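Biologist: Could you walk me through this model, starting with a loop and its backbone? I would like to follow each answer on the screen.

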Amino acid sequence: MKSFNRSIAILGAGKARAVALVLSTMIAVMSGTCAMAQGSGPEIRVALSAGLDVLDPTRSTNGADFVIYTQVYETLLDLDPKTGELVPKLATSFRLKSPTVWEFKLRRGVKFHDGTPFTSADVKYSIERVLDPATSSPHLAQLASVKEVRAINELTVEIETKMPDPLLPRRMQPVGGAGRVFIVPKMYFEAGTKQEVSDKPVGTGPYKLGEWRKGQSLTLLRNEDYWGKKPDGAKGTFTFITENATRVNALLSGEVDVIQRLPIPDVPRVEGSASAKIIASSAGVVHTLLLDSRKPPFDDLNTRKAFAHALNMNNVIGNLLGKYGRVLPVPLGPTVTQLDKSIAPYKYDRNLAKELLGNKAPLELSTYTSDGRYVADRDIYQAVNAQLSANGFKVKPQTLEWGRFVSLMQSRSAGPFYVVGWDFSEGDASKMNSFLKSSSAFSVTNDPAYDKLVDAAAAEMDEAKRTELWKTAQKLVHEKYYVAAVWQADAIYGFSKKMNFQGTVGEVLDLSKVTVAP
């Protein structure tokens with residue numbers, strides 16, 4: 001544990017003066033003119049595979065949103081990509097004071113983009129905002145153990161949990177999507193509406209917002225007052241190209257420097273290019289084909305079984321992803337500590353599927369899919385639908401813009417089945433709670449037996465016992481057929497040869513880790 005080297009004295013100010021400061025900052029940021037005076041350095045042009053929805057880290061886990069707001073906002077801790085260990089970020093140290101109290105010591109001298117100092121009040125506010133039901137935060141389920149957050153002094157925070165929670169510090173690092181706590185400025189957020197703080201985010205990160213032209217582009221500018229190491233890129237320009245071929249062509253023609261989710265058929269073309277290259281990670285998104293078991297027709301176990309056994313996922317993934325993908329047995333990443341390796345993927349059995357459906361066949365299903373959000377998502381969806389149509393189901397397919405699709409998932413109205421990807425880079429099974437625990441905004445189940453198991457696992461400090469509880473939970477999920485199929489695709493980026501990307505963890509695209517050749 002590191003001790004602090006120096007202290008901050010915050011000058012007294014009246015509440016009205018503080019609010020005036022926040023409001024004047026909001027006006028300046030909204031004008032789009034205050035951020036343009038930047039230091040010299042290259043521009044990094046990125047083409048994302050989906051558009052933005054909400055740039056509020058408390059209210060969004062949308063992958064495209066995540067790419068942007070993780071450049072602007074920071075967490076108390078970070079995850080070392082090589083060791084998987086937690087390391088300091090906005091907190092310099094943390095410790096377990098008692099079985100239910102975690103203490104975090106905060107970094108001195110950090111300022112938000114609007115110039116206000118970062119203190120324990122911001123940490124307390126950020127966590128409590130997740131816990132507030134009025135926020136409708138998708139992170140709530142994984143922070144349900146929190147009982148109270150206490151600002152002991154300006155640079156010390158205590159988080160008390162309702163029961164022992166060994167994973168609480170893992171919620172204070174950025175990797176893994178749902179369940180993360182990014183620190184937002186209390187005064188700024190209290191002074192603005194939900195829409196205002198989403199449209200004009202203000203954090204402590206290495207980049208700050210330049211301009212957001214909704215539906216067209218977003219510009220980030222290097223934070224020249226950043227407390228840590230300043231990134232190479234002075235400016236990051238993000239555009240949104242959902243069509244795969246167009247995104248690849250933009251890279252090869254030099255219109256952009258980085259593209260997300262390079263389509264596998266285009267890998268040889270990029271590899272043979274004089275100007276571009278492939279950067280790939282096997283720790284990509286874990287895709288889950290979720291069945292909404294709370295509503296007909298998938299409230300019936302035999303119907304869920306029929307659906308799962310109607311699919312030959314080895315054939316689908318093998319043909320469409322090749323060496324860049326793999327079928328998984330349960331909805332966990334291969335590196336998750338508690339993975340039960342004794343469970344096998346569901347077997348393709350068309351006769352069993354038709355037998356289980358009986359006189360229900362053909363069972364009609366109206367569904368949605370993304371197009372370009374995930375690797376080969378549209379092609380996989382079409383292949384799955386073809387197999388279903390041959391084995392007792394009749395699917396009415398429709399593609400949907402990703403931001404709208406996420407909103408439907410969060411309101412639990414995305415349809416009887418759909419595919420959504422999850423980042424398991426944090427290495428823990430609790431990510432399953434994001435889509436299976438009944439209290440989660442994204443949950444497709446309401447199973448008290450599952451909830452009881454994972455609640456017990458969440459409070460278990462003995463890692464061996466905790467692992468056994470999670471293995472029991474995996475067997476329950478497998479036997480109940482809540483998730484019809486699981487696969488993982490490599491995270492594949494296309495990069496200009498003038499640039500390098502290091503420190504990748506799964507699908508995380510950290511602009512500050514992009515280095516540019518002189």
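Biologist: Which helix and which strand have the loop with Arg261 between them?
Modeller: A word on the basis: this is a predicted model, with local features taken at pLDDT of at least 70, side-chain atom pairs at pLDDT 80 or more, and totals for chains, interfaces and linings from all residues. Residues are numbered from 1 along each chain as its sequence is written, and side-chain values use heavy atoms, without hydrogens and water. Helices (H or I, at least four residues) and strands (E, at least two) are DSSP runs numbered from the N terminus. The loop with Arg261 lies between strand E11 (258–259) and helix H7 (267–271).

Biologist: What is phi of Arg261, and is Arg261 buried or exposed?
Modeller: Most residues other than glycine have a negative phi. Arg261 has a positive value, near 45 degrees. Buried means under 20% relative accessible area, exposed over 50%, and partly exposed in between (1.4 Å probe, protein chains only). Arg261 has 6% relative accessibility, so Arg261 counts as buried.

Biologist: What is the phi of Tyr481?
Modeller: Tyr481 sits in the loop between helix H15 (463–480) and strand E18 (483–489). Its relative accessible area is 10%, so Tyr481 is buried. Although Tyr481 is not a glycine, its phi is positive, about 60 degrees.

Biologist: Which residue does a cis peptide bond join to Ala361?
Modeller: Most peptide bonds are trans. Here omega is about -10 degrees, and the bond is cis.

Biologist: Where does Pro297 lie?
Modeller: The peptide bond from Pro296 to Pro297 is cis, with omega near 0 degrees. Pro297 lies in the loop between strand E13 (286–291) and helix H8 (301–309).

Biologist: How far apart in space are Trp212 and Asp199?
Modeller: Trp212 is in strand E8 (residues 207–213) and is buried at 12% relative accessibility. Contact means heavy atoms within 4.5 Å; leaving out residues up to four places away in sequence, Trp212 touches several residues, including Leu52, Asp53 and Asp199. Trp212 and Asp199 are 13 residues apart in sequence, and their C-alpha to C-alpha distance is 7.7 Å.

Biologist: How much space lies in the largest cavity?
Modeller: A cavity is a set of points on a 1 Å grid over the protein atoms alone where a 1.4 Å probe fits but cannot get out, and lining residues have an atom within 4 Å of a point. Grid points are joined across faces, edges and corners, and a volume is the space filled by probe spheres set on the points. The count comes to four cavities of 30 Å³ or more. The space in the largest is about 380 Å³.

Biologist: Which element gives the largest share of the lining of the largest cavity?
Modeller: Among the 26 lining residues, Thr61, Asn62, Gly63, Arg373 and Gly421 are the closest to the cavity's centre. Helix H2 (63–72), helix H12 (402–410) and strand E17 (417–422) are the elements that give two or more residues to the lining. The largest share is four residues, and the element is H2.

Key
1 Å grid on protein atoms, 1.4 Å probe; cavity = no way out; pocket = protein on both sides within 12 Å on 5 of 7 lines; lining within 4 Å.
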